[in-house]
Amino acid sequence: MNFTYFLFFVCIVVCTLIITYWAARRSKTTIQFYTAAGRLTGIQNGMAIAGDYISAASFLGIVGAIALNGYDGFLYSLGFLVSYLVVLLFVAEPVHHLGKYSLGDVICARFPSNQIRWIMAIGSFIISIFYMIPQLVASGLLLRLLLNIDYSTSVLVIGSLMTVYVVFGGMIATSWVQIVKTILLMSSTFLLSLIVFSYYNWDVYTLIDKVKMGTPFGDQFFMPGHLLTNPYEVFSLYIALILGTAGLPHILIRFYTVRNAAEVRKSVLTASWIIGLFYLMTLVLGLGTAAVIGYDYLIVADSTGNLAAPLLAKALGGDFLLAFISAIAFTTVVAVVAGLVISATTAFSHDIYHHIIKKGNTTEKEQLRAAQWSAFAIGLISTLFALGLKNINVTFLVSLTFIVAASSNLPVILFTIYWKRFSKTGALIGMISGLVASLSLLMLGPHIMNVENGWILREPIFNLYNPGIIAIPIGFLGAILGSLFFPSKEEIDFERFYLKAQTGITLRREGK
Amino acid sequence: MKDLTIILLERIGLLLVIAFVLTRVPNFRSLLYREYDTKMTIIHACVFGVFAIASSHFGIVLSNGEVINKGLVWIVEPDHMVVSLSLIAIVIAGLLGGPIVGLGAGIIAAVHLVFLGGIGWFANMLVNPLTGLLAGLTGRFFSKARVISPIQALFIGVFPPILQMQLLIVLYPQNENVIQFVNLTGLPLVLSNSIAIAVFTAMIGIVLNEQENEAALATKQALTIAEEALPFLKSGSLSDHADGIANLLYERSGVAAISVTSQDEVLAFKGIGDDHHQIGHKIITPLSKEALETKEIQIAYSKTDIACQNPECPLEAAIIIPITEANDTISLIKFYFRKTQHIRPVEKVLAQGIGDLISNQLKAIASENLKANIRDAELRNLQAQINPHFLFNTLHLIATLFRVDPKRARHITIQLANFMRFNLGIASESLILLERECEHVKAYIEIIQARFSNRLQINFEQERTVSNVLIPPSTIQPLVENSIQHGLKSVTTNGKIDVLIKKQEDRIMVIVQDNGVGFDEKEIENINHKRKTNKDNGGIGLYNVNQRLISLLGEESRVYVENFPSRGSKVYFTIPNGAVRRNTNAN
């Protein structure tokens, strides 16, 4: 690791710690800790959502995927963008109106019940942890490649940074780390794309010709069929991506950090714009990599293609640019994992500790204490897991989280908000069946059962890598059938609830 | 790379020295204090633009990776490359003055860099306005404060050189020279720029802090003075205490002399020159008249402005502060100074503060008095109310008595007249002598006694020793009335009411007791714990009495109620013995 790398690295760490210090002085109450007291503007929150969403895997991975697989790599990235339509149209505003700190609050606004809260908390917890561990593992590997520090050190550094952010700065620090990351990431990818264009004298045709020369696919590079071959697999992947985002707790709790519904809409729009532009720029970077570096060299450097962007930076701008891009990748990693830590923390300390164990009888101070301790514990445990899972392929956990979110969280959220006859039992059955279906299908699928390198060395019982196509309908069906067979006993004033979900207005009717 | 960093830091050190000297020059400092309008934005952009040009000259020239200039940058050959320090000035301009100032300063620096030339001139030119704009926007985005903290600035300062390097790569693609230059200078520039920007921000922050501290001190002083002047203002008008206020101001503010004047003449003068600035002099200077008319602070900057007849007068300048009450300037306070230069912004702030505070206090006192007067009027209005039923019943009684016992009827008529006269009279005073109040009660008792002679017995006892005691008028009578109407409502025979006035240590105790049904436990609770009693339960008389006693004689005169264990109840209160008149607001 040379001095330039080290300096940028230190600069990023110092900056984020300054943000944390600043935020720590403003994180004195639970509402500040969990939701930054709703003080972010829509644009800031949109940046933070984009920051939550664009992981190092998608920054480096997508560039690599495009460079290696052409059109399919780009198609893969489109799913991330489309998923925001579901969030914007169906989920964002009701979540803001109904909940306070956690996703469990939303469902419990209609069905106040400890069982629901348990399941919601466990779901959120599983999603956040399962999302976090592969991120940590991947980032450990990534930093080893980029900065040449060993795996354990990099996981420890990232793990302790994310823990520090969340424990001391809560949602405020997390949000601002994500905002800074988004700004840096966007501006650097933008400049890097400009450099790619200028490298070929702003002539797009030259670039495309060079790309064709650089990959073994030639003209076929711009055609589909290199990465995504099985149509069921593709459909399954997409449906999980598109529906899963709307059930991801770390995205949804971000809607509590703004003041009103207008800001919620603005934040989703900002996030969509940023993510859209970002993937457009990754396309340029991917093409640039294929043209400047070439397929063969890239595969040799790292077979997953993760090094595409850094290699491109080095080829175009030398060590200085490479160091800068690596620093950005590092920021990306810490920002994403910090967002996940806070969502897991909320699920545990707000739902389980405050509402279930203490029955809502805790003081402000105790809640804050509990939140900080759980953040610490979550950070510690995930770091330890990540250290232990170094040599095991855990990337499938990412797709698992999306499937769990889409099959367990989303049906319940949607029905709670929109379906009048939805019942408490339906919610429970929906959540449990979605959770069980996605977990078991994954266990039986080729990620785990694999003749070559699976955890269980045998033919997979279920043959899809992405079981979303089966698991998601099971989640929805469970919720529907549960409600039809076990309708609500007590009368619930659905109109009143619906009004509150859509507008935030609480109607006081006679006799209520 | 290390050497280059050190060279850059040395150059920046020079720049910082110049900047430090500039922040000590008062004229230059005043630039930082000004509010932002179009004119100031242009001036700021120009100032920082010039500073950026100077910073460019403080930069270094590279040729094939070697630093070739020993001194300042003057001439740049086409194959040389300038490492300009202008970005520092531009970032500061953006952070301090906002995006527009940053952009303006950046354009000025950019034009200059074009004329300097060298390799990469186009990127160097482009980066300056862009940085200014972005720095301005970033400053706004991160912080609402006037000057962002040095640590934030340290972070922001990292990015302009990175932007510059990337622009170089964008604009000079596939150029080995440029990539080599970027690798060589990128890191040193990042380091030196961010440090320099942080130090600059800290320096400007200190200058602004100094100003704020001065203002804070002045404010604190004004507050202290206003607080100490409060006793003078509260009792009587300003003119009664002109001396006291003049002394206070003279001691506290440390100016050469103080004078307090009314609308037309000097009421008090304290300090240097009091041998010829005499009390009673008429106000003559046009400035004082202007202050009286405009109600705004005026400043006399010369001896002619002060217009002292004595040519030897040591006073040269003055601040004239109008004091207003109810929209009229009733008084002037003048701060005199021996030299015009002694009037700093701090003094002006102080004078303004004192003037405003005193005027506000006068306003507050006036409204307090007004409120008290209104309350008084309301109370008297209540007191003046006579129960019409009582009047009719008594007249009826008299009519009956005329036939049976004309002598008694005459006596009762006179008592009624006394009672009525008293009731009319009570509207004029808020406190009367206890003797008068007793006569009133006696008159009432006689009337009642005549009406209910077979039903009840009223006993009035007063210790002779009490004299010169003041009581709110019509306080005892409603209590007696209350006893008759509620306590003895259902008692048809042997009703008994005692009115006792006794001396008790240094207070006078008034007791009204009866052998009626007594009070509800809840009622007693309400009265004894300051809650308003339930009005429809006949408590209104009691409530009014209690209110009047508390507001006119204080909380210790409040009414207490007790039930006797057997039957009946006792209502009592105490009033001060002697001519203690507190909170009367009689004038």
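Reader: Which residues of α1(A) are buried?
Author: In this predicted model, α1(A) has 22 residues and reaches 31 Å from its first C-alpha to its last, close to the 32 Å expected at 1.5 Å a residue. A residue counts as buried if 20 or more other C-beta atoms lie within 10 Å of its own. By that cut-off, the buried residues of α1(A) are A:T4, A:Y5, A:F8, A:F9, A:I12, A:C15, A:T16, A:I19, A:T20 and A:A23.

Reader: Within what arc do the buried residues of α1(A) fall, seen down its axis?
Author: An α-helix has 3.6 residues a turn, so residues three or four places apart point the same way. The buried residues of α1(A) include A:T4, A:F8 and A:I12. The buried residues of α1(A) line one face of the helix, because, seen down the axis, they fall within an arc of 150°.

Reader: Which exposed residues does the face of α1(A) turned away from its buried side carry?
Author: The buried residues of α1(A) pack against α7 (114-147), α8 and α14 of chain A, together with α7 (150-156) and α9 (176-234) of chain B. On the face turned away from that buried side, the exposed residues are A:F3 and A:V10.

Reader: Which element gives the largest share of the side of chain A that touches chain B?
Author: In the contact between the chains, 18 residues of chain A meet 16 residues of chain B. The elements that give two or more residues to the chain A side are α1 (3-24), α8 (151-199) and α14 (308-357) of chain A. The largest share, seven residues, comes from α14(A).

Reader: How many residues of the side of chain A that touches chain B are nonpolar?
Author: That side of chain A includes one charged residue and five polar ones. The nonpolar residues there number 12.

Reader: Which residues have the most contacts inside the largest nonpolar core?
Author: The largest nonpolar core has 255 residues, and α14(A) gives the most to this core, with 29 residues. Leaving aside residues up to four places away in sequence, A:V337 touches A:M132, A:Q135, A:L136, A:I158 and A:M162. The residues with the most contacts inside the core are A:V337 and A:V341.

Reader: How many residues are in the second, separate core?
Author: Among the members of this second core are B:F232, B:L315, B:L332 and B:F337.

Reader: What share of the residues of chain B count as buried?
Author: Chain B has 19 helices and 15 strands. Of its contacts between residues at least 6 apart in sequence, 67% join residues at least 24 apart. Of the 587 residues of chain B, the share that count as buried is 42%.

Reader: What covers the buried residues of α5(B)?
Author: The 18 residues of α5(B) should span 26 Å at 1.5 Å a residue, and its end C-alpha atoms are 25 Å apart, which agrees. Its buried residues include B:V101, B:L103, B:I108 and B:L113. The elements that cover them include α3, β3 (81-83), α4 (86-97) and α6 (121-142) of chain B.

Reader: How far apart in space are B:I43 and B:V101, C-alpha to C-alpha?
Author: B:I43 lies in helix α3 (residues 38-57) of chain B, while B:V101 is one of the buried residues of α5(B). B:I43 is partly exposed, with 16 other C-beta atoms within 10 Å. In sequence B:I43 and B:V101 are 58 residues apart, and in space the distance is 8.9 Å.

Reader: Which helix of chain B has the highest mean pLDDT?
Author: Chain B averages a pLDDT of 80, and 89% of the residues score at least 70. Among the elements of chain B, helix α2 (residues 26-33) has the lowest mean, 68. The highest mean, 90, belongs to helix α5 (residues 99-116) of chain B.

Conventions
Residues are numbered from 1 along each chain as its sequence is written. Chains are lettered from A and ligands numbered from 1 in the order in which they are written. This is a predicted model: local features need pLDDT of at least 70, side-chain atom pairs count only at pLDDT 80 or more; totals for chains, interfaces and linings use all residues. Two residues are in contact if their C-beta atoms, placed from the backbone, lie within 7 Å. Helices (H or I, at least four residues) and strands (E, at least two) are DSSP runs, numbered from the N terminus. Ala, Val, Leu, Ile, Met, Phe, Trp, Tyr, Cys and Pro count as nonpolar, Asp, Glu, Lys and Arg as charged, and the others, Gly among them, as polar. A residue is buried if 20 or more other C-beta atoms lie within 10 Å of its own, exposed if 12 or fewer, and partly exposed in between; C-beta atoms are placed from the backbone. A nonpolar core is a set of buried Ala, Val, Leu, Ile, Met, Phe, Trp, Tyr and Cys residues joined through C-beta atoms within 7 Å. The expected span of a helix is 1.5 Å times one less than its number of residues. The arc is that of the directions from the helix axis to the C-beta atoms. pLDDT is the predictor's confidence in each residue, from 0 to 100.
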